[in-house]
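Here are some brief notes to read beside the model.

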Amino acid sequence: MQDKKYLMIPGPTPVPPSVVTAMSMPLIGHRSDDFAQLHERVVGKLQKVFQTKNDIFILTNSGTGALETAIANTVNPGDKVLSLVTGNFGERFANIAKAYGAQVDEVEFGWGNCVDLKVVAEKLAADPEIKVVLATQNETSTGVVNDIAGIAALVEKTPALLLVDGVSGIGAIEHKTDEWHVDILCTASQKALMLPPGLSMITVSDKAWKVINENKSPRFYFSLLACKKQYEKWNTAYTPGVSLFLGLEASLDMMLSEGMDNVYDRHALLAKAVRAAARALGLKLLAEDHCASNALTAIYSPEGIGADDIRKILKKQYGITFAGGQGKLKGKIFRIAHMGFADKMDVMIAISALEMALVQVGFSVELGSGVRAAQEVFLGKVE
Ligand SMILES: *Cc1c(COP(=O)(O)O)cnc(C)c1O
């Protein structure tokens, strides 16, 4: 067997050749005019993708660094924080707020479910002291997408800020930052933005700046005030991942030339095909259609068969990596990412290998039935 690999996990995701090429360009000094121009161009392009006129800070750290930056700059010790949890990453966001001394009301909607807006409305009405609301756009641990527009419409009417973890959704699922009034949006390089790990991005609204300027939490590397000072000159506070900035411009150019509507439609089509294939194979999906993510799909392993046994076969015999379950879903589900540099034939590879692996673990499937279901979606033969 050759060493050909198919990485189908929700980050890091495959990096397109044009991005790899851009990242291999000679380094430039980060205090140079060249870097300032690159920085300005990249922020302009990110503003299009994020649909915002707000400042966007590009931080050199993983996505969790952006989440911590969001909390460290807006949450004071003792502040009341409402945390909307639909899985592992929602829990992490809440845990960061706890680490900064917040009084966190963690509302669990159940793994596989999305946020119920009625509950959010009730919570906000019951406690006018809530300072910050935490939400996850795309819950990567369950393959659930939350209604950020709906959540934002509720938070906007209160003094609270809305902080959104969009790490695995931005670039795959549309997010109208300004139109919806999202105060802080966090994302990262290694998911739908098609870059290696190492950069995160954070947007800041005017409503959020007022809070940030008064904030008392200790912070240094993660201080947005330090970022802002340098940003005025298209500089960064500390040494940025220069090569990743070069790659980011290339990936943004790719997305913008495809057209963001087309990018989102492509993700929706891939998700639809994967879901149709899973159903045709007699597999159960974790998320219901109305809150299923377009960026990745979580699928239950058949009764009595460990999800990780299927994943092992896929990895060893077909070079394909699916993600496993996290937390309470470990061993019970596998997750197929179809975000970023992903298209129809990636789905065909994933599904055809999955069929073989299912047969190998002793689950009876009709070979080709999943592939056919996906093909029918691609050929427009299903509604
Ligand atoms: C990947 C991910 C993160 C951040 O993870 P890092 O490993 O710190 O980049 C945060 N939230 C969600 C929803 C994610 O998918």
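1. The shell around the ligand consists of Ser62, Gly63, Thr64, Phe89, Arg92, Asn138, Thr140, Asp165, Val167, Ser168, Gln190 and Lys191 (a residue counts if one of its heavy atoms lies within 4 Å). By class, two are nonpolar, seven polar and three charged.

2. This is a predicted model, where local features need pLDDT of at least 70, side-chain atom pairs count only at pLDDT 80 or more, and totals for chains, interfaces and linings use all residues. Residues are numbered from 1 along each chain as its sequence is written, and side-chain values use heavy atoms, leaving out hydrogens and water.

3. Two helices, α3 (63-74) and α4 (88-99), each give at least two residues to the shell (helices are DSSP runs of H or I, at least four residues; strands are runs of E, at least two).

4. Ser62 places a polar side-chain atom 2.5 Å from a ligand oxygen. For Gln190, the distance from a polar side-chain atom to a ligand oxygen is 2.7 Å. A side-chain N or O atom of Asp165 lies 2.6 Å from a ligand nitrogen. Taken alone, the ligand exposes 380 Å², and the protein buries 88% of that (Shrake-Rupley method, 1.4 Å probe).

5. Where does the largest pocket lie? Domain 1 (17-257) and domain 2 (259-378) both contribute to its lining, so the pocket lies between them. Domain bounds come from an automatic or database assignment.

6. By class, the lining of the largest pocket has 14 nonpolar, two polar and five charged residues.

Methods
Polar contact = N/O pair within 3.5 Å; in protein donor to acceptor, adjacent residues only side chain to side chain. Nonpolar A, V, L, I, M, F, W, Y, C, P; charged D, E, K, R; others polar.
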